Amino acid sequence: MLMDFILLFLFAGVPYYLVFEKTNILGKEKIFYLSSLLVIIGMIVFNVTEKTASVPFAIIALMASLFSLYKANKTTNLYKLSYYILFFNAPMLIMFQTKESTLYGVSLLVTLLGIFMMGKYYERNYGSANYRPITGITLVTPYAGLMLTIYLTALALYPPFPNSLMFLNGILNSDLCTLWYIAVVVIFFGNFLIAVRVMAKTVFGKPNTNVHYIDLAPKERWLHLTMFIILLVLSIVGLKELLA
Amino acid sequence: MEKLVLFIPFIPIMIAIVIGFLNKKEFMPKVAIFFSSIVALLGLYGTYYVMSTDEVIYGFGGYLVFNELSAILVPYVAILGLVIRKYSTKYMWDEPGYKRFFILLNFIFSAIYLLVMSNNLMILAIAWQLMSISLYLLITFNVESKSAIKNGGWTMLVHKLADLLFIIAVILTYKIFGSFELAELSQKWLALSASGPIDDPMVYVIGFLFLFAAMMKSAIIPFHLWLPYTSEAPTPVSALMHAGVVNVGGILLNKMAFLLLLTPAVLNVAFVMGLITAIFASILMLAVSDIKRSLGYSTVGQMGYMIMEVGLGAFSLAIYHLMVHGIFKASLFLESGSLINAARKEPNVPRRLSHELFWEEKPQYNSINMFRMVALFTVVPVVVFMGVKFALGEDFFHLNAAILILAFAWLTGTQLFLSFFEVTKANSPKVIFTVISSFIIVLFTYEFVGLALEHFLYGEHGALLYKVATLHVSGTMTLLMLIAIMFIGWYFTYKQHFVGIPIGEHKPNKLQWRIYKILAKEGYLSDLYIKYFKVF
């Protein structure tokens, strides 16, 4: 019971970001760092104990996940988006087997770190991580457009990116039950809907004539290229796992 | 040497990577066309190898296969790809994002090759999804267009649903049959089918999941709206969509043909859904006012025919249909794109190549002569052939699938002929010849091409598919249905092509107007989606 609750808390199954958002104890950036750290600890604990969460806890995580989906749908801030999505994916981290959960968690964290870094880039060049006024970046800032497209495609659970492969591997190795079907449908479509909505408002659209667009700096490009290579390596791992 | 053929799905990815590093615009199409030509040559070599040795080529640990289906489809896709790339070289030149376009185009071709050549359900699932995302990025190529992005979002939603159904079907298949390998699964399904349809409801669930996933990708009603509403994509993308992407439903069902042997109900549902789509979309095609949407509905109607053929057990005919329709639709889109492009530059009305070739600048007697020649050289030999065939008493109409396919094919053929030769009311002998010729050609095509393809793809198991799909309707009932279909077809053909001089004042009928309004509004389905499903 206690272990279940610890796992639920570590795997972001409880939307504790509400407390930090209301009280301003931690900034948006730090909430992401904290939740990522807790998920990593959760993965370690999960691997050590090899204990899967019980059904009631998975249901709680799913309900909290739906709330995070609602929040992710409302926000236009890339920092907030990254931790909302992390919380949204909690049921899968809880429901998958140990190995599959760890692999999916790592892929998700790398992708979200990419989105978070794009938020940093937005903040540095446009004053905030809010993407709403910065539309049509594909045409005016092609590198930034490309990287955001990659991260959002990965997030929307499309191959060849690892999230999709790990997700597929995870659901393949889980036991089929009603909760499984509900969670798979919710997470599969939820990730997709959020990613496509963000894509439509950032990567696509007419460039804003009131904004002076600046593309990724060479240093940032290398950083994102590294992230992309990590994603590709994870994809290979995912493909191997899937076909094994 | 023959194993090289299995590299086909990876060559477009390599092209995309090379193009990614190129800076000069002129080199991008050159690289794409050069390597696509290699793909086409490899595809043709693979086809030659499979046909000459009767052996399939396995590779990459059995995950990929170049079998009979690949032997037919890979060269088709490769040649289509070559034409589209060549066409895009000039057509897309002035568009922003030339490099992006070629990269995405190569990704989608890679996904199609992978889908055709996969021998593993997991690889198939990956290719299936890879195609969805590549399509989305191509549809929304014009990133500044709000409607393109919105319709692209809707397209993605339908495709994502298809992805989910497909994934669940794959997982259930694995849980029940214990394998991902298609060749192994096909053997299992074939062995199981020997004892007739099975009772396990889960097998039917799998069959329906695969069918609905295929229907979504092939724009079958009620999942059709994504196709007519994505005409805003660049013309080469439209050509690819109508000639390649929508066909994947048919390809999937062909790959799963032996599974469907176990589930006759799935085939019956496919037949009904295909029939409804074929009729409804064809009527909508005539009623909608937007020419591009009309073309979209034309494709939806053809996909309906294709699914209907699958539902009748004519799997190989569906492949033949999708290829012929693909070539026809791609040429239509590419030519229309060229016309629009030419119209932007020329002050006069641009000339149309196909029109020039067949009708324009030719004396009338030439056209009539040509028509008579076609009629003469098709009617006489085929009548002799069919006469001999009937005299020998072979069971040509032993399954009602054949009758229905022939009826529909004949109607389509008649319409095509009447349009092609611009038949008028004054020329009655010509009409009779047209109708007879089309019927004979349909029989000829069915007998030779359809059956040859069937023998090539399914060997002795082809007849099993027809047997399972046969609707349990009596022979008399089938013949009555056939006669009814022919009369309706005749009536529509007459109405469409023989416009008489109106006698007196024509008063619009209220009921007719209402029906027309419903059809022109596409059955209010699009309004329903826009009003109540505000997702994007």
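The model is predicted, so local features need pLDDT of at least 70 and side-chain atom pairs count only at pLDDT 80 or more, while totals for chains, interfaces and linings use all residues. Residues are numbered from 1 along each chain as its sequence is written, and chains are lettered from A in the order in which they are written.

View 1. Two residues are in contact if their C-beta atoms, placed from the backbone, lie within 7 Å. Helices (H or I, at least four residues) and strands (E, at least two) are DSSP runs, numbered from the N terminus. Ala, Val, Leu, Ile, Met, Phe, Trp, Tyr, Cys and Pro count as nonpolar; Asp, Glu, Lys and Arg as charged; the others, Gly among them, as polar.

View 2. B:P12, B:I15, B:A16 and B:I19 are buried. An α-helix has 3.6 residues a turn, so residues three or four places apart point the same way. On the other side, B:I17 and B:F21 are exposed. Buried means 20 or more other C-beta atoms within 10 Å of the residue's own, exposed 12 or fewer, and partly exposed in between, with C-beta atoms placed from the backbone. The buried residues of helix 1 pack against helix 2 (27–53) and helix 4 (98–117) of chain B.

**View 3. Helix 9 (residues 235–243) against helix 14 (residues 315–345) in chain B.** The axes lie 8 Å apart, at an angle of about 165°. Axes are lines fitted to C-alpha atoms, for helices over the stretch in contact, and angles run from 0 to 180 degrees between N-to-C directions. The two helices are therefore roughly antiparallel, a term for angles over 145 degrees. Helix 9 contributes B:T235, B:S238, B:A239, B:H242 and B:A243 to the contact. Residues from helix 14 include B:G326, B:K329 and B:F333. The contact divides into six nonpolar, five polar and one charged residue.

**View 4. Helix 7 (residues 98–126) and helix 9 (residues 142–155) of chain A.** The axes come within 9 Å and cross at roughly 145°. Among the contact residues are A:G114 and A:M118 of helix 7, and A:M147 and A:Y151 of helix 9. The contact has nine nonpolar, two polar and no charged residues.

**View 5. The loop between helix 9 and helix 10 of chain A.** A:L157 is in this loop. Its phi is near 65°, a positive value in a residue other than glycine. A:L157 counts as buried, with 26 C-beta neighbours inside 10 Å. A:P160 is also in the loop between helix 9 and helix 10. The peptide bond from A:P159 to A:P160 is cis, with omega near 10°.

**View 6. B:D54, in the loop between helix 2 and strand 1 (57–59) of chain B.** B:D54 has a positive phi of about 60° although it is not a glycine. With 10 C-beta neighbours inside 10 Å, B:D54 counts as exposed.

Technical notes:
Parallel < 35°, antiparallel > 145°, perpendicular 65-115°, else oblique.
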